[in-house]
Amino acid sequence: MSNSSRQIRLSSSLIRGVQYRISRSFTTIECHRPTILHKKGVDILHNPWFNKGTAFSMTERDRLELRGLLPTNIMTTEQQIARFMTELKKLEMNARDGPSDTNCLAKWRILNRLHDRNETMYYKLLITNIKEYAPIVYTPTVGLVCQKYSGLFRRPRGMYFSALDRGEMMSMVYNWPAEQVDMIVVTDGSRIMGLGDLGVQGIGIAIGKLDLYVAAAGINPQRVLPIMIDVGTNNESLLEDPLYLGLQERRLEDEEYVSIVDELMEAVFNRWPHVIVQFEDFQTKWASTLLQRYRNTYRMFNDDVQGTAGVAVAGLLGAVRAQEKMMIDFPKQNIVVAGAGSAGVGVLKAARRTMARMLGNSKAAFDSARSQFWVVDADGLITEERVDIDNEVKPFARKINETKRRGLREGASLVEVVQEVKPDVLLGLSAVGGLFSKEVLEALRGSTSTRPAIFALSNPTQNAECTPEEAFSVVGKHIIFASGSPFKDVDLGSGDIGYCNQGNNMYLFPGIGLGTLLSGARIISDGMLQAAAECLAECMTEDEVVKGKIYPQISSIRDITKAVAAAVIKEAIEEDLAEGYREMNSRDLHRLNKEEILLHVENNMWKPDYPTLIYKECQGSHD
């Protein structure tokens, strides 16, 4: 190669390096650039986006006319958090509303007040203490919050679109003050965490999920939007409650219902074309229907269907490794699934897809993968003899000759199925607390696996199919256990510990959202979701899985999210779906290697640092 050719190649490499460094510098500075405000004095103190409380410097107090409005001592964020934590411990019990209020709900109330007055400090506290406070802002406490939301409501957060707003949504979205929205979580409150129809009170789950998008994925809190679609409620107690905040009429159904959701989707994507919409806690009959209706048109996904499935698949792959086998052995696992709702079907489809991919992705591979699942719902084992079987479940209905060979029949009980199938995995997404009874767990002792796995994934805590104590005491010390809500590890005696792995969706949905945002992918593909799940499974070391740990520590959630987001971006690039984000266009993304993608993700994660605030008078104002 000539010297000139080497120089040209070297120059091109340097240019790309400079372009990347410029990109990295831009996104890093973007988090800390001064914020221009058109307000002063108490108006700033009353705005949670910009309020710093006692952390305002003296120059800022002069510049923003805050001198004299705050105590003299200027505190660091660390000092502010230490002071808040001290008071939090004192106030937890005093904040209770009476016997029906739990200690966790008291914590939520105090944290919510902080959120109302100082968002930066709120997220700093949440990120720093994510293991302690994730169960407060998310499962399981958020379920209780939703149940009591009409009484807890103090300040509006998010937007509400009701059946009364038909024809107005395209203009309504402009009532939201943020010019840019990156992430929306939307719910209709029809199936909140297995607690049923909570109507407009379900907005609490959308708020909680977005708190985790900020804390785990570093989505800028000024660019998130919780949305409630209020189409009524079929909850009798809410229909009769004079304090209920939503529409007190029966839920819209059929085309009337779909037209409301259609109008909302068109409105939000018209104003914010690059936004990502996560659907949350829609009842089973609408969850899959709406997902299929929108997923190839809009950047959206359903966390109950796709997020739960990804986390479950990651755990199932971890369970295979815990048996000291290779992940490629996953297609040999026999799995009994209790629950055929939207979450259960999502897991079935994702697990079958993973198995089929390992077997070559042929029709025969999919047929072979299908035969590994035995699905039981409230009416028992699902077979081809089932009348009016749901189309989503039909591919997993057992053939009559298959059931006869096992000595089973249509509608066979869960105990009978476990006894005869002797599964490697018993997985619950039934929302029926205690479904894995002593008889069911005793039947699992006959598993052919050296380390059978129990996934009691239903939320909140009272809906878990069994507790870890029940599982370890009945089946044995050697099992793998995972749950949807957090439980404490079990002391098995003699220094042995039964690890309770929380199969928490927060391991995946923040990374799926962030990766989609930064890739600029047109849609969220099955491949991107698969890449997220496999990345999560690979986060665990061999030593950890052999001990029975199949999910990482919540305390490392930002690192996990960064890795998952990078995997999603890489897959979007490979599928030619990536169109880029801000200054990083599609061509630039294709040039990045794995390490550079990780760095790109990290540099685009918002951090809870107080920005410098500068006042600028609005044009046309007259003081």
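Author: A salt bridge here is a side-chain nitrogen of Lys or Arg within 4 Å of a carboxyl oxygen of Asp or Glu. The model discussed is predicted.

Reader: How many salt bridges does a search of the whole structure find?

Author: Side chains of opposite charge can pair when their charged atoms come close. The search covers the whole structure, and the number of salt bridges is 38.

Reader: Which residue meets R223 in a salt bridge, and where does that residue lie?

Author: The N to O distance is 3.9 Å, and the partner of R223 is D182. The two are 41 residues apart and link distant parts of the chain. R223 sits in the loop between helix 11 and strand 4. D182 lies in the loop between helix 10 (169–172) and strand 3.

Reader: Are R223 and D182 buried or exposed?

Author: The cut-off for buried is under 20% relative accessible area. Both R223 and D182 are buried.

Reader: Why does R191 count as partly exposed?

Author: Partly exposed lies between the two cut-offs, under 20% for buried and over 50% for exposed. R191 falls in that range because its relative accessibility is 22%.

Reader: What is the relative accessible area of D281?

Author: Buried means under 20%. D281 is buried, with a relative accessible area of 2%.

Reader: Which parts does the salt bridge of E542 and R321 tie together?

Author: The side chains of E542 and R321 meet at 2.9 Å, N to O.

Reader: Which residues do salt bridges with shared partners join into one network?

Author: The salt bridges share partners, which puts three residues in one network. Those residues are K52, E60 and R63.

Reader: Where is A322, and which residues does it touch?

Author: A322 is in helix 15 (residues 303–322). A322 is buried, at 2% relative accessible area. The C-alpha atoms of A322 and T450 are separated by 9.6 Å, although the two are 128 residues apart along the chain. Leaving out residues up to four places away in sequence, A322 touches R451, I480 and V545.

Reader: What is the strand order of the open sheet, and which are its edge strands?

Author: The open sheet has 5 strands with parallel pairing, in the order 2-4-3-5-6. Edge strands pair on one side only: they are strand 2 (159–162) and strand 6 (300–302).

Reader: How many bridges join strand 5 to strand 6, and what is the bridge partner of V277?

Author: Strand 5 (residues 276–279) and strand 6 run parallel, joined by 3 bridges. In strand 6, the partner of V277 is M300.

Reader: Which strands does helix 14 touch?

Author: Helix 14 (residues 284–294) packs on the sheet. Its direction makes about 160° with that of strand 6. The strands touched are strand 5 and strand 6.

Reader: Which residues of helix 17 are buried, and why are they on the same side?

Author: The buried residues of helix 17 (residues 363–370) are A365, A369 and R370. They lie on the same side of helix 17 because they cover an arc of only 135°.

Reader: Which exposed residues does the opposite face of helix 17 carry?

Author: The cover over the buried residues of helix 17 includes helix 16 (342–358), strand 8 (373–377) and helix 18 (400–405). The face turned away from the buried side carries the exposed residues K363 and A364.

Methods: Residues are numbered from 1 along each chain as its sequence is written. This is a predicted model: local features need pLDDT of at least 70, side-chain atom pairs count only at pLDDT 80 or more; totals for chains, interfaces and linings use all residues. Side-chain values use heavy atoms; hydrogens and water are left out. Helices (H or I, at least four residues) and strands (E, at least two) are DSSP runs, numbered from the N terminus. Buried means under 20% relative accessible area, exposed over 50%, partly exposed in between (1.4 Å probe, protein chains only). Contact means heavy atoms within 4.5 Å. Two strands pair if DSSP finds at least two bridges between them. Axes are lines fitted to C-alpha atoms, for helices over the stretch in contact, and angles run from 0 to 180 degrees between N-to-C directions. The arc is that of the directions from the helix axis to the C-beta atoms.
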